[in-house]
Amino acid sequence: MNGKVVVITGANVGIGKETAVGLATLGATTVLACRNQEKASAAAAEVQSRSGNDDVHVVPLDLADLESVRRCAATIEQSWGRLDVLVNNAGGMWTERSTTRQGFEQTFGVNHLGHFYLTSLLLDRLVASAPARVINLSSFGHHAAVGGMRWNDLQSEGFYEGFTVYARSKLAAILFTRGLARRLDPRQVTVNAIHPGAVRSGFGMDGDMKGIIGIGNRFIRPFEISAKAGAKTSIFLASDPSVDGKTGGYWVRCRPGHMSRAARNDAAVERLWNESKRLLDSVGFAPGESQQLIGTAATRSPVSTA
Ligand SMILES: NC(=O)c1ccc[n+]([C@@H]2O[C@H](COP(=O)([O-])OP(=O)(O)OC[C@H]3O[C@@H](n4cnc5c(N)ncnc54)[C@H](OP(=O)(O)O)[C@@H]3O)[C@@H](O)[C@H]2O)c1
């Protein structure tokens, strides 16, 4: 990975931090895009010392604020001349409903919409750095989104339950992966989703998960894999030559995994794409004109899958 630039969102703890250590160890210029600058600076110092690579940097990113996402993309473009790998890693599950700065439900807004917008803004840079890769953190939990996206209530205003809303956001990660992969030439940019495993990270440990889900999350911790083990599939997809040109897939333990029926629904792929664009547009954060690929309705068929 010498000479390559990688950006990892939510890299101050957990799977993201271990992904950063792994890619920095392989020699990449490693950028941690994080919302808490104090925690991120400490993480960057740790990544540097564990990887032996000083080329590790922090860029502010709060996915719950599209203005911050826009600034983050601009900083990345101004600071580095290329972008080889974007790992959309940050995410969370929240027991209680809250909203992002622009008024979107937080789980959908942070896990999906913020990453959709960030990726759209960095797309030209990824294409210009071809061959480049995008990796989206989904979850096995997407299988729990039975019935697919709740199109008539994407903001979960009518009914909110943390786990099912999270499951739908992770289904959205796969639908987004497939939508983007369809629009891009896999010789230029590949896009894949992953499930990292059940990982003993910071996930749900900061008071965001309450009640029975919070208790359950703590109960299963001894049985979960380490964050270092959980980062393996992200590192593999970001760096391994064997996945050159493979796009539109869902990976588990560095192997092709099984997507739910809802995730394989082509109509849902396009509907989420169009809804995401419409929602961003409605709050004045539509991808710019230069992001011509994001605006392209044409699809590649068949997609080269994992
Ligand atoms: N752990 C698992 O078993 C598991 C299983 C399947 C999928 N995943 C997925 O793996 C990814 C990484 O999770 P993890 O287990 O490593 O959890 P984690 O330790 O809780 O890390 C989550 C990261 O996301 C960041 N984040 C949350 N909200 C953000 C926002 N508004 N803007 C920017 N960053 C934000 C957090 O920042 P702060 O530190 O500032 O909160 C943190 O850096 C997530 O997408 C998760 O859904 C995890």
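How many residues surround the ligand, and which are the closest? The model is a predicted one, in which local features need pLDDT of at least 70 and side-chain atom pairs count only at pLDDT 80 or more, while totals for chains, interfaces and linings use all residues. Residues are numbered from 1 along each chain as its sequence is written.

The ligand is surrounded by 28 residues, and the closest are Gly-10, Gly-14, Gly-91, Ser-201 and Gly-202; a residue is near a molecule if its C-beta atom, placed from the backbone, lies within 6 Å of it. By class, this shell has 13 nonpolar, 12 polar and three charged residues, where Ala, Val, Leu, Ile, Met, Phe, Trp, Tyr, Cys and Pro count as nonpolar, Asp, Glu, Lys and Arg as charged, and the others, Gly among them, as polar. Helix H1 gives the largest share of the shell, three residues.

Helices (H or I, at least four residues) and strands (E, at least two) are DSSP runs, numbered from the N terminus. An open sheet of mixed pairing is formed by eight strands in the order E3-E2-E1-E4-E5-E6-E9-E10, and two strands pair if DSSP finds at least two bridges between them. Its edge strands, E3 (56-60) and E10 (255-256), each pair on one side only.

| Strand pair | Sense | Bridges |
|---|---|---|
| E1 and E2 | parallel | five bridges |
| E6 (189-195) and E9 (249-252) | parallel | four bridges |

Helix H1 (residues 14-25) lies across E1 (5-9), E2 (29-34), E3 and E4 (85-88), and runs at about 170° to E1; axes are lines fitted to C-alpha atoms, for helices over the stretch in contact, and angles run from 0 to 180 degrees between N-to-C directions.

All six residues of E2 are buried, that is, 20 or more other C-beta atoms, placed from the backbone, lie within 10 Å of their own. Thr-29, Val-31 and Ala-33 point one way from E2, whereas Thr-30, Leu-32 and Cys-34 point the other way. In a regular strand the side chains alternate between the two faces of the sheet.

How values were computed: Two residues are in contact if their C-beta atoms, placed from the backbone, lie within 7 Å. A residue is buried if 20 or more other C-beta atoms lie within 10 Å of its own, exposed if 12 or fewer, and partly exposed in between; C-beta atoms are placed from the backbone.
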